[in-house]
Amino acid sequence: MRTAYRVETVRAAERALLDRLPEGALMDRAAAALAAACAGALRARRGRLAGARLVALVGSGDNGGDALLAAARLARRGVGVTAVLLAPDRAHPRGLAALRAAGGRAWALADTAPGALDALLGRAGLVLDGITGIGGRGGLRPAAAELAERVEAAGVPVVAVDLPSGVDADSGRVEGPVLPAALTVAFGALKPGLLVDPARGHAGEVRLVDIGLGPLLPAEPDVAAFTTAEVAALLPRPTGESDKYRRGVLGVAAGSPRYPGAAVLTVGGALRGGVGAVRYAGPAGDAVIARHPETLVSRGTPAEAGRVQAWAAGPGLGDDPRRERIVAEALAADVPLLLDADALAGLDPARVRARSAPTLLTPHAGEAAALLGTERERVEARRLASVRELAERFGATVLLKGSTTLIADPSGPVLVNETGTPWLATAGSGDVLTGLAGGLLAAGLAPREAAAVGAHLHGLAAREAAPPPSATTVTEALPRVWRRLLA
Ligand SMILES: NC(=O)C1=CN([C@@H]2O[C@H](COP(=O)(O)OP(=O)(O)OC[C@H]3O[C@@H](n4cnc5c(N)ncnc54)[C@H](O)[C@@H]3O)[C@@H](O)[C@H]2O)[C@@H](O)CC1
Ligand SMILES: [K+]
């Protein structure tokens, strides 16, 4: 499990660790790892360290202190270092002394002419961003924002200290200018913003450095991501006693005369979700049978279909006059239920909360916004808060699709899927995910695991499908992903 903790939790663990260690030891650990990461990046660019040039951007907190101490280490190894101080009178005193003792230069940003700054950046092989870390509040302030803009314009690769400056560590929100990094070196624990967009999109490669915080962090993180090995361990596997019913049957209520393809794609995903069988109920049975002859099809609504272990309803129901009845019957079924797309429109939280079996909702940002009575942009800017709010309001598991897919229960850590790719923004790919996650539900996974495993497999399949992937080629790539994970 990759885990992330909120700032408050990280700080509490840091305080406990600081009490046990000599003064400065923790920052020295952080600085040593940071210097090693920068040395690697500089060597990768020009083969050797001596003679390389580094510019360290230094804010007024400990994040700037880390940058100064790391820069001092690099200066001792022959790197030409210039620190640009945003607040010279508040720069970390020990860090600044170490840098000067190592032969590094320190410039006050306020006294540096724009031309001189640009020339400095133009010669630099790497920029170390120590403007703000977990103490950063709101978007970057004007002087820092202007500096970030100049660095970006210079095109020098940036290594972020702990977090890209300007992102919100706890929420992943970005409220103004940010300095995007090629590499972020995080200390002690990842923060939620390093896993959740839009902040994550500015962090580049994220490397976690162990500074001894682990044993002091609580067992339950705020945000977590399954690794592929953990997903592989959760995949349902048939046993000697399995038959098609014991492996689980998923009922699919999707598609309409106008959108038969949604039924085909949802069933296609479901057949690759580890189930023993898929029952399709709806008007697109002929199209489904033509593509997936193993499906049990019927024309009726969920209540008229046979026994299933879970239902997945919603894709392509469109303006089918039976839509409300279909959703009502799926809600009334005493089995786990996945609701997506057209089944989410106007969904009443009380109806979901009243269910006796678990429910999984899989909105994209637009659908989530409609359920929350807000705008899509607001959901996209506040993905973590939005998914938590939906889960709480509906008393359900919610999978919020998008640039980083998030999965929340009414309480407990939010799961992040890290396998997603922008290529998945393609017609019908959500229908495949609905079938896949629904299949995993029917096969016996809890909603949270079904959602996380489904999203993980879906992302891996999209990466494997020939670019550009389509919903159909993603479906076709799924068995290859299963094979690899089961091996
Ligand atoms: N506490 C510890 O034991 C350790 C902390 N470490 C480092 O310390 C950092 C946290 O240090 P701090 O708590 O001093 O906080 P930061 O250094 O992250 O930022 C605080 C400073 O930045 C300024 N600032 C805040 N928001 C700003 C904005 N929007 N624009 C411009 N300036 C802004 C504030 O005036 C304040 O002086 C971590 O991110 C990490 O890099 C590491 O050295 C490991 C050990
Ligand atoms: K930073």
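Residues 10–219 of the chain are 38% helix and 17% strand, with the end C-alpha atoms 13 Å apart. UniProt, in an unreviewed entry, places the feature "domain: YjeF N-terminal" at this stretch, residues 10–219. UniProt positions follow the numbering used here, feature names are shortened, and annotations may be inferred rather than shown by experiment. This is a predicted model, in which local features need pLDDT of at least 70 and side-chain atom pairs count only at pLDDT 80 or more, while totals for chains, interfaces and linings use all residues. Residues are numbered from 1 along each chain as its sequence is written, and chains are lettered from A and ligands numbered from 1 in the order in which they are written. Helices (H or I, at least four residues) and strands (E, at least two) are DSSP runs numbered from the N terminus.

**Domains**

- The domain assignment gives domain 1 (2–223) and domain 2 (228–486); such bounds come from an automatic or database assignment.
- The contact between them takes 14 residues from domain 1 and 12 residues from domain 2, where contact means C-beta atoms, placed from the backbone, within 7 Å.
- On the side of domain 1 that touches domain 2 there are 6 nonpolar, 3 polar and 5 charged residues.
- In these classes, Ala, Val, Leu, Ile, Met, Phe, Trp, Tyr, Cys and Pro are nonpolar, Asp, Glu, Lys and Arg are charged, and the others, Gly among them, are polar.
- The centres of domain 1 and domain 2, taken over C-alpha atoms, are separated by 41 Å.

**Shell around ligand 1**

- There are 26 residues around ligand 1, of which G61, D62, N63, G133 and G135 come nearest; a residue is near if its C-beta atom, placed from the backbone, lies within 6 Å.
- By class, this shell has 10 nonpolar, 10 polar and 6 charged residues.
- Helices α1 (7–20), α2 (25–46) and α3 (62–76) each supply at least two residues of the shell, and α3 gives the most, with 4 residues.

**Annotated binding site**

- The unreviewed UniProt entry carries the annotation "binding site" for N63, D129 and S165.
- These three span 103 residues in sequence, yet no two of their C-alpha atoms are more than 9.6 Å apart, so they gather at one spot.
- N63 is found in helix α3 and counts as buried, with 26 C-beta neighbours inside 10 Å.
- Buried means 20 or more other C-beta atoms within 10 Å of a residue's own, exposed means 12 or fewer, and partly exposed lies in between, with C-beta atoms placed from the backbone.
- Beyond four places in sequence, N63 is in contact with G130, T132, G133, G135, V161 and D162.
- D129 is found in strand β5 (residues 126–130) and is buried, with 31 C-beta neighbours inside 10 Å.
- Residues that D129 touches, not counting those up to four places away in sequence, include L57, V161, P164 and S165.

- Because 12 of the 12 residues of α8 are buried, the helix is largely enclosed by the rest of the structure.
- Among the elements covering the buried residues of α8 are β10 (249–253), β11 (277–281) and α17 (471–486).
- H364 lies in the loop between β15 (359–361) and α12 (365–372) and counts as buried, with 20 C-beta neighbours inside 10 Å.
- Not counting residues up to four places away in sequence, H364 touches K401, G402 and G430.
- H364 and N63 are 301 residues apart in sequence and 36 Å apart in space, C-alpha to C-alpha.

Conventions
Two residues are in contact if their C-beta atoms, placed from the backbone, lie within 7 Å.
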